[in-house]
Amino acid sequence: MEEELNSLVKVGVSTIMSVSYCFFLPPRIKSGFFRLISILPVCVLFLVLPLFLSFPLFSSPAAILLILADLKLILFSFDQGPLSPLPSNIFLFTCFTCFPIQRQKNPKPQAGGQDQMHTWIFAIKVVLLGVLLHLYHWKTLPPIMLLGLYPPFLYVLLEVSLTLFRILLTIILKCNLEPHFKEPYLATSLQDFWGRRWNLLVSASLRACVYTPVRRVCQRLMCSDDSAMLISVLATFIVSGVFHEVLFFYIIGEMPTGELTLFFVLHGVCTVGEVAVKRTAFAQRWVVRQMLSRLLTVGFVVVTTWWLFFPPWIRSNVTEKCFNEASLLIDFLRRKLIFLYLKTQVISVN
């Protein structure tokens, strides 16, 4: 554990030094190709740094944050994304680069009743997360039932942890930050789920890095704007699938199986089909009840995650590894605190 923590510190220091370089030098270069060239060495370094971590407990957040930082820096090369306009100081620039946050562009004041309802919903999610963590840690349910609980477990884990992190940084940075999720279980279509409700920061980054450039190129090559839009949507899902395969390699240290890419390609094809059907005259006359569309959308997402998304992670026992590593970390910190306490007592006696 001590060696892994030393590696984590080295990765953190390297990241801060690289981000400091990106704050001071590239902004002096005109946005575009040459600024991108000046940032590319940092992007390559960020792809290498997670390889120095062997514990999934540390490598998974490090890989996610550094891949997101790469996307933000690429967008920054063209004066786009969360880093544009340039934050006023290096602390803000480091936070917006390294953490999964984005400044809220048009904050809307919420009514007191609505704000109270969101608080109660979040409290329910915290309780649900505690229950699911207990079930997974002690394995009190049959494996098939634990597999069935994976989708809500992943969602509430991300929702609760990212929301608490966003609240903390909102207080520290004194600015409103965009939420990461928008009640994805209320999605009425795949387009609604992926584009407006799930992992909004990543969606915005992929939209700017992949969707918009691909659509512009396709518009120049094709006469139909609709075809360009559908190709761009599919390309975005493919890139997202590749990113998840890379993330799997960082965390598990094994070659990807292709299941994660297949999951996102399937959702890309289905989203493209959904958008195309919606534009037909028949679909515009046929109104689907909102409750039915929600059940179909969430049901499709859950079934396909069981089929393609979760199996690689389950086979690698990543959840159990993280629980064991968390126990090791707690035990290591406890022993260190006891040692420091005893050392302080000895010094005071002498």
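Q: At roughly what angle do the axes of helix α7 and helix α13 cross?
A: This is a predicted model, where local features need pLDDT of at least 70, side-chain atom pairs count only at pLDDT 80 or more, and totals for chains, interfaces and linings use all residues. Residues are numbered from 1 along each chain as its sequence is written, and side-chain values use heavy atoms, leaving out hydrogens and water. Helices are DSSP runs (H or I, at least four residues), numbered from the N terminus, and axes are lines fitted to C-alpha atoms over the stretch in contact, with angles from 0 to 180 degrees between N-to-C directions. The axes of α7 (residues 150-173) and α13 (residues 290-315) come within 10 Å and cross at roughly 75°.

Q: Is α7 roughly parallel or roughly perpendicular to α13?
A: Angles of 65 to 115 degrees count as roughly perpendicular, and those under 35 as roughly parallel. The crossing is at roughly 75°. That makes the pair roughly perpendicular.

Q: Which residues of α7 make the contact?
A: Contact means heavy atoms within 4.5 Å. From α13 come V302, T305, W306, F309, F310 and I314. From α7 come Y150, P151 and L154.

Q: Which residue forms a salt bridge with R196?
A: A salt bridge needs a side-chain nitrogen of Lys or Arg within 4 Å of a carboxyl oxygen of Asp or Glu. Here the closest N and O atoms are 3.6 Å apart. The partner is D192.

Conventions: Helix = DSSP H or I, 4+ residues; strand = E, 2+ residues; numbered from the N terminus. Parallel < 35°, antiparallel > 145°, perpendicular 65-115°, else oblique.
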